[in-house]
Amino acid sequence: LTRLIADHYDNYDGFVILHGTDTMSFSASALSFMLGDITKPVVFTGSQLPIGMLRTDGKENLISSIEIAASKDEDGHPMVPEVCIYFESQLYRGNRTTKYTAENFRAFRSANYPVLAEAGIHIKFNTAFIRYPEDWNQPLKPVCKLDPSVLIIKIIPGIRQSTLDALVSIPGIRAIILETYGSGNAPSGRWFTDSIKKAVERGTIVLNITQCQAGRVDMDAYSTGKSLKNIGVIGGSDCTTEAAAAKLFFLLGQYSDNKTITQLLKKNIRGELTEK
């Protein structure tokens, strides 16, 4: 998708991508990093009911996405020069979304960031929350090299030390995403911290994000979070799992040194997280 957009970037005012809903948030997050600071809209959309069904939501989603991708301000600049997802009358920043339900038409949510636009009789753009480029004439600088050597571990009550030790020791893993409780809490046993510490000492990057639908990680809120912070675990703020994975894929593909990757994980580089 990145190469396709790059090949035709200068020929169109914007792009609409029809995509399956199950992995749409992952793809939108990935493209937000791979395409860089874009100056044109890239709008993902799809449907919960297939386009051939009478009550399909695909037609409205497609038509509104095209209108949004073509919308310009009074200066002739695109209204939303971002990688977005449009679904059921709402436009979201792509790397802030998660598929929330498999049953309803409003399939996506952006729990930690406002919608970029709402479509009713008129399309109302929430310009205060849209990212705009510093230079509208800057060329596209796509990056296609990714490294998916990433493991996601969702912490659950009763997780065994042997299980955790085995997971963090998987060969070839360069980074681990820990989905912890609440604002970054985890099992308080010394064995847990020791297991994660061994991974960090082996050179594995460990990123801590919340497994909650909304909110952010605060690694100073609980003693366990502080312990994880002290051994080198990185706080992921309010980053979604999809955006965290895509960001790591992107950074691991570009850099070999953990110091640079760690610094960039803490920074908001594509609107994916809220810095303190």
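Modeller: Before we start, one term: a polar contact is a pair of N or O atoms within 3.5 Å, and within protein one must be able to donate a hydrogen and the other to accept it. Also, this is a predicted model.

Colleague: Fine. Which side chain does His 19 join in a polar contact?

Modeller: That of Ser 27, with a polar contact of 2.8 Å between the two side chains.

Colleague: And where is His 19 placed?

Modeller: His 19 lies in the loop between β1 (15-18) and α2 (24-34).

Colleague: Why does His 19 count as buried?

Modeller: Buried means under 20% relative accessible area. His 19 has 18% relative accessibility, so it counts as buried.

Colleague: What else does His 19 touch?

Modeller: Leaving out residues up to four places away in sequence, His 19 touches Leu 1, Met 24, Ser 27, Phe 44, Thr 45 and Gly 46.

Colleague: On to α2. How many of its residues are buried?

Modeller: In α2, 10 of the 11 residues are buried, so the helix is mostly covered. Met 24 and Ser 27 are among them.

Colleague: What comes just after α2?

Modeller: Gly 36, which takes a positive phi of about 75 degrees.

Colleague: Now Val 42. Which strand is it in?

Modeller: Val 42 is in strand β2, residues 42-45. With 1% relative accessibility, Val 42 counts as buried.

Colleague: What does Val 42 touch?

Modeller: Not counting residues up to four places away in sequence, its contacts include Ile 5, Phe 15, Ile 17, Leu 31 and Cys 84.

Colleague: How far is Val 42 from Thr 274?

Modeller: Their C-alpha atoms are separated by 22 Å, and the two residues are 232 residues apart along the chain.

Colleague: Why would residues a few places apart point the same way?

Modeller: An α-helix has 3.6 residues a turn, so residues three or four places apart point the same way.

Colleague: At what angle do α7 and α8 pack?

Modeller: About 145 degrees, with their axes 10 Å apart. The crossing of α7 and α8 is right-handed.

Colleague: Which residues meet there?

Modeller: Lys 247, Leu 248, Leu 251 and Leu 252 in α7 meet Ile 261, Leu 264 and Leu 265 in α8. By class, that contact has 6 nonpolar, no polar and 1 charged residues.

Technical notes
Residues numbered from 1 in each chain as written. Predicted model: local features only at pLDDT ≥ 70, side-chain atom pairs only at ≥ 80, totals over all residues. Heavy atoms only, no water. Axes fitted to C-alpha atoms, helices over the stretch in contact; angles between N-to-C directions. Helix = DSSP H or I, 4+ residues; strand = E, 2+ residues; numbered from the N terminus. Left-handed = near helix turned anticlockwise from the far one by under 90°. Contact = heavy atoms within 4.5 Å. Nonpolar A, V, L, I, M, F, W, Y, C, P; charged D, E, K, R; others polar. Buried < 20%, exposed > 50% of the residue type's maximum accessible area, 1.4 Å probe, protein only.
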